[in-house]
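Take a look at the sequence and the structure below. Then read on for a short tour.

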Amino acid sequence: MQNTNATTPQIHGSSDIIVCDNLEKHYSRGGETVRVLESIDLTLARGAFVALMGPSGSGKTTLLNLFAGIDRPTAGTLMVDGQDLTKLSRAQLAQWRATSVGYVFQLYHLVPVLTAYENVELPLYLHELSRAQRHERVSEALEAVGISDRHAHYPRQLSGGQEQRVAIARAIVTRPALLLADEPTGDLDRVAAASIMQLLSQLHSERGQTIVMVTHDPSTATHAQRLVRLDKGQLVEDVAVLS
Amino acid sequence: MSRAQSIMGMATLALRGMKRRPTRSALVLAGVAVAVFLFCTVDAMRSGVERATQKSAGETALIVYRQNRFCPFTSQLPQSYESAIAKIPGVASVTPVKIVVSNCRASLDVVTFRGVPPQEFAVTHSGSASAQDMQSWLSRGDSALIGRELAQRRRLKAGDRFTAAGVDAFVAGIIESDLPQDQSSAFVHLSFLQEQAKRGGTGGVVTQFDVRVSDPAQMDSVAQAIDERFAKDQSPTTTRAETAHVARAATDVIVLVGFAQALGIAALVAVFALVANAIVLSMRSREKEISVLQTLGFRGVHLATLVLLEALLLGGVGGMIGAGASYAAVSLARTAMTMEGVSIAIAPSFAIALIGVAIAIGLSVLAGIVPAIIAARQTIVAGFRS
């Protein structure tokens, strides 16, 4: 099994799943430095359902990518699920992502030549599981998102809402500590979007799944417990959501 | 983490990857298959030439031919030389042979009649035909024992009659032999062939003598002694090892096969370019998918493995199709290149097919290395921005 804890400090058992301190992300574009995130201090509790909001270019997706370990901060510290992500190598980050994070994309990004079942099974190849164990996990995940009857369908044979359900199943099949979603309803119609949000709320309430979700839509954000708003790379609001 | 499992996941993806763009995959597979077919077929020819012309340490067969003659029709030697050759020290046996061919030039369908003294032939080739076939051949003056490849090529069996080069013969049976010379030949009684050929009178003229020496180390000295013995005679001789005799007769073919082999190798280089192009195009259109895999936790080594597996599949499947088709085509054709009365069999070879597949796989994997490195080094964010 993977061991990504060998070289970094531990905060396992901590009630906080994300702790970032003075987090910064800069890009260099045409010789000019673009400050996408500036001095972000944020702590998110384990089991929370958090919505990241803000206008386009505010840095919310970049912040989500930093939480997922698919991008690196320019400065500051970032502890996620017990790991200081700034100290992990590229390979260690990949191993950490395989076990600790599930990521849901706005455009689903399923592998088109694999069936729904195979798409969900894909991340499990990185875990020491028998074929039977993989089958059990995939079936459980497909059941959880209510798409078991479509397991043999290819993505092109599914609706957008169904594709997103498969993508969510793929994200939770490894039982990650943290589920990150980048505008998960952004490409769906109103009915499908409501259905996906209901599913995420269910995962949070029934499984205690920690969820951080980027969204533009205020009505989508009402499903979260906490709202973090960014503007021009800075954290401008951090409030509890009243249901 | 289980490396075997992750590779299994990549293998599933690679296999399905071929379905992603079926037309492109089919075209690449066809290209690889054609190249490997060409390579294997040419190599079967090269292998046949090599078998027929490469001198071996244990070689004991000499061919005595008329000096400065290069065609069975013009090589005429008195049969009476047989006793003189037999007396030369080191000679184990001498067989006078009359050869009549249906075509003197290089051809893929030549029938070579070899007129041999029946009783001598029955001794030297005992076991190469069934006792019943040999007895049938001995008892009938117009009968022929024919090589396996000639029988297959002309669809002949025992009891048939066939005509070639003006010679009409009865098929007494099929002989089995590893020698390419025998496989395309029809062995008939010497007197019968001399009568049929009507060249140089009915008695006493043969095309060549097949000589066996008792010690392979004496090949050169015996050949020299034979040529010296007839140097002042009306029909001087040139004596060579059988493989050298074939090599001399097949000089043009050897050059042609060498050229064809260069073309076969060029075709394999095309495999490299073809697979490299297919992989690069495939990877370029899948940068986002690679980023998704990285997000799921797949590392650079997994992605490189995926690319190399795809290349391996293209080369392996295409190579197997090409090598299999070549093997089948050569097997069905059962062809022999014959020139000046000597034959070079083009035989199917499992080893050549395996080499063809291995080279296709090797070149394909080589073609996948740079795209694999690029995929392994791709950053997730850049992939999503592409």
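This is a predicted model: local features need pLDDT of at least 70, side-chain atom pairs count only at pLDDT 80 or more; totals for chains, interfaces and linings use all residues.

Residues are numbered from 1 along each chain as its sequence is written, chains are lettered from A and ligands numbered from 1 in the order written, and side-chain values use heavy atoms, without hydrogens and water.

**The sheet.** Chain A has an open sheet of four strands in the order 2-1-4-5, with antiparallel pairing. Strands are DSSP runs of E, at least two residues, and helices are runs of H or I, at least four, numbered from the N terminus. Two strands pair if DSSP finds at least two bridges between them. Strand 2 (32-45) and strand 5 (83-84) of chain A are the edges, each pairing on one side only. Two bridges join strand 4 (residues 75-80) of chain A to strand 5 of chain A. Met79(A) stands opposite Asp84(A) in strand 5 of chain A.

**The cores.** A nonpolar core is a set of buried Ala, Val, Leu, Ile, Met, Phe, Trp, Tyr and Cys residues joined through side-chain atoms within 4.5 Å. Buried means under 20% relative accessible area (1.4 Å probe, protein chains only). The largest core has 57 residues, and Leu122(A), Leu13(B), Val275(B) and Leu314(B) touch the most other members. Apart from it lies another core of 39 residues, including Tyr108(A) and Met213(A).

| Residue | Relative accessible area |
|---|---|
| Cys20(A) | 4% |
| Cys40(B) | 3% |

Notes:
Buried means under 20% relative accessible area, exposed over 50%, partly exposed in between (1.4 Å probe, protein chains only).
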